[in-house]
Structure formats: structure tokens, C-alpha cells
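User: I am new to this structure and would like to learn how to read its features one at a time. Could you take me through them, giving the general idea before each case?

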Amino acid sequence: MHASTFLASTFFAATTLAHGNIVSPPVRLPGAVTQQVCGANAVAAITADPSGPLENIPSNGAPDCNIFMCKGVQFEDNQNNVQAFAPGEQVNFAAELPIPHEGPCNVSIVDTATNTLVGQPLLSFASYADENLAQLPLNNTQFSVNMPTNLGTQCQQLGECTMQWFWFGTNAQQTYENCVDFVMTA
Ligand SMILES: [Cu+2]
């Protein structure tokens with residue numbers, strides 16, 4: 001159990017509950033297709049607290065809904081929200097971490113058909129968002145990755161790949177994900 005309930009009732013009552021999320025590049029957001037696949041309760045939970053952990057998103061056993069893949073948010077709701085990145089391009093991220101929970105974090109390219117990593121993680125933190133630090137390192141909220149140069153034609157099709165920010169708060173036992181949909185330019 002972490003502090004969000006207490007904080008929500010005191011400091012953050014007028015805003016959303018907040019643990020952490022990517023601010024930019026634009027992340028995958030739920031819409032009608034996500035509601036079909038994962039249900040209205042899942043969409044409501046994601047919308048009510050875009051920074052909340054996966055563990056707070058109810059899938060109610062929907063057979064095709066995998067909350068651990070981009071929060072269950074479907075690519076079909078995001079076809080107009082796809083970035084184009086070139087091989088070797090530096091992609092800058094901004095994150096906000098109002099309620100940090102120490103644990104590992106990474107940014108990886110994921111093959112959406114198989115939910116497997118494409119190559120190695122582009123960025124990894126063994127220890128991220130450590131709430132015991134007086135101040136979080138700047139690279140927890142401002143970081144960048146370099147797009148791989150060895151993908152060939154992989155990730156050139158819409159929806160084929162996504163870039164996933166993954167963070168697990170070890171003591172909190174909470175998982176955070178955001179997906180940035182992209183295509184690699186030739
Ligand atoms: Cu939290």
C-alpha cells in the first residue's frame with residue numbers, strides 16, 4: 001500500500017491521482033476500440049488516473065485484453081497518434097513522477113504482434129524513481145533514447161511496433177507503462 005490514497009485526500013484532491021507517466025512524446029490513449037476489448041471499467045480507470053499503475057486497471061477477465069501490454073490500450077484508437085522516427089534519431093522523453101516508487105525502469109521497442117522486445121532495451125535504469133532521495137536525478141524525468149540503426153524493414157508498418165516505457169515500483173508492487181506508437185522511416 002502506498003501513499004496515494006492519503007495524498008489524494010489531502011494535497012491532490014483537485015487534480016488527478018498521480019504516480020508517474022510519460023508527458024512526451026505523445027502516448028497511446030484509450031478510445032472506442034479499447035472499450036470494446038478491455039471494457040468500460042478499464043477505460044474509466046485509465047482516464048481517471050493516466051499516471052496510475054496497471055494493477056489499478058480492471059480488465060474483468062476480458063479474453064483479448066492484456067493490461068500488461070500498453071495498459072490494454074489498443075493501437076486502433078491511436079492511428080492518428082503515430083510518430084515517425086529515423087534510424088539513429090535521438091528521441092527525447094519527458095516524464096512526471098509525482099509519487100516515486102524505487103525500482104527498475106526501461107524503454108524498449110516491442111513487437112506488438114508477439115509482445116516481445118525488439119533487440120535490447122534502448123535505455124535501462126536499475127534503480128529509478130527512488131523516493132528515498134531528497135531529489136530525483138534529472139534523468140528520471142528527462143531522458144532520451146537513440147533509435148536503432150539495425151532494424152532493416154522492421155517497425156516500418158503502422159502498428160507493428162511500439163516504444164514502451166516500463167517502470168516497476170519494487171516495494172509498492174506497482175507497474176507503470178506508457179506506449180509511444182511509431183514507425184521507423186526507411
Ligand atoms: Cu503509486
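Analyst: Let us begin with burial: a residue counts as buried when its relative accessible area is under 20%, and as exposed when that area is over 50%. Please keep in mind throughout that this is a predicted model. With that cut-off, Tyr 128 is buried, because its relative accessible area is 0%, and Phe 125, with a value of 13%, is buried as well.

User: How are the rings of Phe 125 and Tyr 128 placed relative to each other, and what are the distance and the angle?

Analyst: Ring pairs are described by the distance between their centres and the angle between their planes, and planes over 60 degrees apart count as edge-to-face. Phe 125 and Tyr 128 make a tilted pair, with 4.9 Å from centre to centre and 50° between the planes. The rings of Phe 125 and Phe 143 have centres 6.2 Å apart and planes at 75°, so this pair is edge-to-face.

User: Which strands make up the open sheet, and in what order?

Analyst: Strands of a sheet pair through backbone hydrogen bonds, either parallel or antiparallel. Here the open sheet has three strands in the order β1-β3-β7, with antiparallel pairing. Strands β1 (21-24) and β7 (142-146) are at the edges, and each has a single partner strand, so one side of each is left without a neighbour in the sheet. From one strand to the next, the twist averages 40°. Strand β3 (residues 90-96) is joined to β7 by five bridges, and Ala 94 has Gln 142 in β7 as its bridge partner.

User: Which residues of helix α3 are buried, and where do they lie around its axis?

Analyst: In helix α3 (residues 40-48), the buried residues are Ala 42, Val 43 and Ile 46. Viewed down the axis of α3, they fall within an arc of 95°, so they line one face of the helix. These buried residues pack against α2 (32-38).

User: Is Asp 181 buried or exposed, and which side chains does it meet in polar contacts?

Analyst: Asp 181, which lies in strand β9 (residues 174-184), counts as buried because its relative accessibility is 1%. Its side chain makes a polar contact of 2.8 Å with the side chain of Arg 28, and another of 3.0 Å with the side chain of Thr 162.

Technical notes: Residues numbered from 1 in each chain as written. Predicted model: local features only at pLDDT ≥ 70, side-chain atom pairs only at ≥ 80, totals over all residues. Heavy atoms only, no water. Pairing = 2+ DSSP bridges. Helix = DSSP H or I, 4+ residues; strand = E, 2+ residues; numbered from the N terminus. Axes fitted to C-alpha atoms, helices over the stretch in contact; angles between N-to-C directions. Buried < 20%, exposed > 50% of the residue type's maximum accessible area, 1.4 Å probe, protein only. Arc of directions from axis to C-beta. Contact = heavy atoms within 4.5 Å. Polar contact = N/O pair within 3.5 Å; in protein donor to acceptor, adjacent residues only side chain to side chain. Phe/Tyr/Trp six-rings, centres within 6.5 Å; stacked < 30°, edge-to-face > 60°.
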